[in-house]
Amino acid sequence: RGRVNQGQVDSIQVAFDSRTPASATKGMFQLDVETYGNPPDVDSDAKIIILILDIKDSFTGSGSFVGGYFFSVNELPDPSLGHRSNVAEIFYLDADPLNLSTASGLATAIRTTAHEFQHMIHWNYDKGEISFVNEGCSEVAEVVVGYPVRSQTEYVSNTDVYLLDWNSTIADYARAARWILYLR
């Protein structure tokens with residue numbers, strides 16, 4: 001449907017492997033590993049698979065949508081145990097409604113790549129982390145690779161929220177990003 005082509009795939013690969021806004025010589029793989037640690041390696045091949053697809057979510061033409069996700073079941077070593085594991089390091093990026101053929105869509109996909117890769121790394125060290133900390137670290141992973149911190153507008157308009165509450169709102173992501181940046 002014209003939303004992603006080989007050029008955009010190559011751009012994501014270059015950002016992941018070689019060059020980011022933060023470094024002309026380091027990709028987000030290296031920057032995230034230096035910051036957070038090593039990713040898991042269930043299949044012993046050191047490759048990270050980034051699958052670009054139309055993530056089926058509740059998007060109906062406006063509002064929020066799922067831009068990407070890391071699914072830890074893929075890290076389980078034996079799919080014969082009843083789970084649907086790909087037995088590989090894999091995370092997913094959206095290509096609809098996210099349109100990688102636009103500059104803003106491609107930038108969002110690249111930011112999301114850093115975000116989801118941090119989730120993969122985090123899972124390797126703490127499988128039961130609370131959402132507030134894990135999402136905050138993923139928000140900061142975007143900053144580590146050279147993107148600005150998420151807008152704080154929704155959070156600062158209502159700061160009377162328990163710090164660790166998590167309802168997956170934009171304000172929650174902004175609050176978590178602010179807190180983890182403070183700790184950093």
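Which residues of the largest nonpolar core touch the most other members? Of its 28 residues, they are Ile12, Met28, Phe91, Ile110 and Phe117. A nonpolar core here is a set of buried Ala, Val, Leu, Ile, Met, Phe, Trp, Tyr and Cys residues joined through side-chain atoms within 4.5 Å. Buried means under 20% relative accessible area (1.4 Å probe, protein chains only).

A quick word on the model: it's predicted, so local features need pLDDT of at least 70 and side-chain atom pairs count only at pLDDT 80 or more, while totals for chains, interfaces and linings use all residues. Residues are numbered from 1 along each chain as its sequence is written, and side-chain values use heavy atoms, leaving out hydrogens and water.

| Element | Residues |
|---|---|
| Helix H1 | 6-17 |
| Helix H2 | 28-36 |
| Helix H3 | 103-125 |
| Helix H4 | 131-144 |

H3 gives the core its largest share, 8 residues.

Now look at H2. Met28, Leu31, Asp32, Val33 and Tyr36 are buried there, and the buried residues of H2 pack against H1, H3 and H4. Met28 has contacts (heavy atoms within 4.5 Å) with residues including Phe16, Ile110 and Phe117.

Finally, the axes of H3 and H4 (lines fitted to C-alpha atoms over the stretch in contact, with angles from 0 to 180 degrees between N-to-C directions) come within 8 Å and cross at roughly 135°.

Note on methods. Helix = DSSP H or I, 4+ residues; strand = E, 2+ residues; numbered from the N terminus. Buried < 20%, exposed > 50% of the residue type's maximum accessible area, 1.4 Å probe, protein only. Lists of a residue's contacts leave out its neighbours within four places in sequence.
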